[in-house]
Amino acid sequence: MITGTPKPIEEILQMLEPYDTIILAGCYGCVTVCRVGGEKEVEILASTIRLAREASGRKIAIREVCLERQCDPEYIETMRPYVEDYQAVLSIACGAGIQFLAEKYMLTPLLPGINTGFLGVTERQGEWAERCQGCGDCVLHLTGGICPVTRCAKSLFHGPCGGSSKGICEVGKDVPCGWQMIIDRLKSLNQMDNYSKLKPYKGWNTSRDGGPRRIVREDMI
Amino acid sequence: MKSGSNLEKVLAAGHFSVTAECGPPRGADPDVVRRKAALVKGNVDACNVTDNQTSVVRMSSTAGCMLIKEEGIEPLLQMVVRDRNRIALQSDILGASALGIRNILCLSGDHQKFGDDPQAKNVFDIDSMQLIHMVRTMRDEGVFPSGNKLDGAPQFFIGCAVNPFADPFEIRVPRLKMKIEAGADFVQTQCIYNMDKFKTYLDLAKKEGLHDKVKILAGVTPLKSAGMAKFMKKMVAGMDIPDAVIKRIADEPKERQAAKGIEMCIEQIQELKGMEGIAGIHVMAIEWEEKLSEIIGGAGLLPRPLVE
């Protein structure tokens, strides 16, 4: 899922300073699962903002909504009948959702209520960790199902570097060495042959470096 | 001869080589480099110039190489893939060769979080293994990795680094083997303190015949004090300093510890020199270049041979 963290309330209040009527829009997708932008978070954030604004002597009207997904046009359209009745939309969906709202409603300022994080997993309740950078050319079949681009701090294709010590990466004592994990897994799969092969330079053109990406599936159009 | 570098010639002639390193200054003053060069000169066959080591911004390695070259020392250019994409790497490889630099050490580079710009964007477009391959391809095939023809191939004696003390130990020799396949002509090791573990590593490498395919230059760093030893052991990932080594220097009174560190370093060089498969020594006297002559001379490695 796409993960995220709430923006500090002070930053949100500062963004809202020019406005007196807003829509606060959540999303039932990933951000609901990682509990940063769902219906419940909309409710809590709306109350917090209202209280803060009341305390500052300038009330704010907030319409609370939660869209099925902010990354699909049909759900975004559900806001069209009333969006222009408000001065701004504060969205707590991921960066993709916020931008999609912005481009559909050209006359309404869109404000981000969360900082979008990464493509990750829930390791345990309240803890998420990155697993994929969406680089567009997956090699997991060669690396024991563990991604060198994401799990190695240097994205090495021939790791581990000299900074791997007792399974821990040089960047921090809580960061496991991705290449130690790859090697452990290749060994258990009896696939160490994959390790000792020189790999070609990675083509980053399928990653963000090639510019904004697009997937077109002719069979679905 | 692949590069015609002095280091390559010294090793090809069967001499036990000596390299040292020179960290460029955190400023634009060339005299800092020249002063270090004066301490290095005559003691080495080539001198590494580090490339923003520990991600702390310093004068560029290429500039440092040229400054020591002007002082009559053969430079060995360290190049990390942390800060440059493949376009900049290829360009800098060509530029360095054009300026007459003939040795290169291909490294990944410490993560930027250790430096003074932890918010920097890292690059790691290719890794150190692929950088070795890149230099080799350009030198031997006369083409860019893209396949386009070069207008004059760069000439380099290609080096890599290994850390026999990092984990997991079992892939350390296979990884060296890959670096040789990628094109490494010589290898400089991380500072060795744990001689037993290094011998195990070297035996495994020799079993694969790697010492015949690559010149192994053993890395040593003289300890200035017991405090330095403890700090390095604790703070530097992949640094293996046995307690017995620390005890030996810690047992000396403070004012005698530096001299003891040098004595231990000389002993170690002599032991390494006697080991089959070790082609030379790489002395990393960190900010202690003034002791190079004492260490290298003390190990009986002076004067350096003149090879044509």
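Tutor: Gladly, and let us begin with pairing: two strands pair if DSSP finds at least two bridges between them. Strands (E, at least two residues) and helices (H or I, at least four) are DSSP runs, numbered from the N terminus. In strand 2 of chain B, Val49(B) is the bridge partner of Cys22(B). Please keep in mind that this is a predicted model, in which local features need pLDDT of at least 70 and side-chain atom pairs pLDDT 80 or more, while totals for chains, interfaces and linings use all residues. Residues are numbered from 1 along each chain as its sequence is written, with chains lettered from A in the order in which they are written.

Student: How do you know that strand 1 and strand 2 of chain B pair?

Tutor: Strand 1 (residues 17-22) and strand 2 of chain B run parallel and are joined by 4 bridges. Pairing asks for at least two, so the pair qualifies.

Student: What makes strand 1 and strand 7 of chain A edge strands?

Tutor: They belong to an open sheet of 3 strands in chain A, with the order 1-6-7 and antiparallel pairing. Strand 1 (2-6) and strand 7 (127-132) each have a single partner strand, so one side of each has no neighbour in the sheet. From one strand to the next the twist averages 70°, the angle being taken between N-to-C directions of axes fitted to C-alpha atoms, on a scale from 0 to 180 degrees. Strand 1 and strand 6 (residues 114-124) of chain A share 4 bridges, and Thr5(A) stands opposite Asn115(A).

Student: Why is Asn103(B) called buried?

Tutor: A residue is buried if 20 or more other C-beta atoms, placed from the backbone, lie within 10 Å of its own, exposed if 12 or fewer, and partly exposed in between. Asn103(B) has 28 within 10 Å, so Asn103(B) is buried. Asn103(B) sits in strand 4 (residues 103-107) of chain B. Its contacts (C-beta atoms within 7 Å) include Ser5(B), Ala46(B) and Phe157(B), not counting residues up to four places away in sequence.

Student: Which residues of strand 2 of chain B are buried?

Tutor: Ala46(B) and Asn48(B) point one way, Cys47(B) and Val49(B) the other, and all are buried.

Student: What makes a set of residues a nonpolar core, and which residues have the most contacts inside the largest one?

Tutor: A nonpolar core joins buried Ala, Val, Leu, Ile, Met, Phe, Trp, Tyr and Cys residues through C-beta atoms within 7 Å. The largest has 86 residues, and Cys47(B), Cys106(B), Val135(B) and Val187(B) have the most contacts inside it. Helix 5 (residues 128-141) of chain B gives the largest share of this core, 6 residues. Apart from it lies another core of 33 residues, with Val31(A) and Leu67(A) among them.

Student: Which residues of helix 6 of chain B are buried, and what covers them?

Tutor: The buried ones are Arg172(B), Val173(B), Arg175(B), Leu176(B), Met178(B), Lys179(B) and Ala182(B). What covers them includes helix 5, strand 5 (157-162) and helix 7 (195-207) of chain B.

Student: How many residues does each chain bring to the contact between them?

Tutor: Chain B brings 25 residues and chain A 23. On the side of chain B, helix 6 (172-182) and helix 5 each give two or more residues, and the largest share, 5 residues, comes from helix 6.

Conventions
Two residues are in contact if their C-beta atoms, placed from the backbone, lie within 7 Å.
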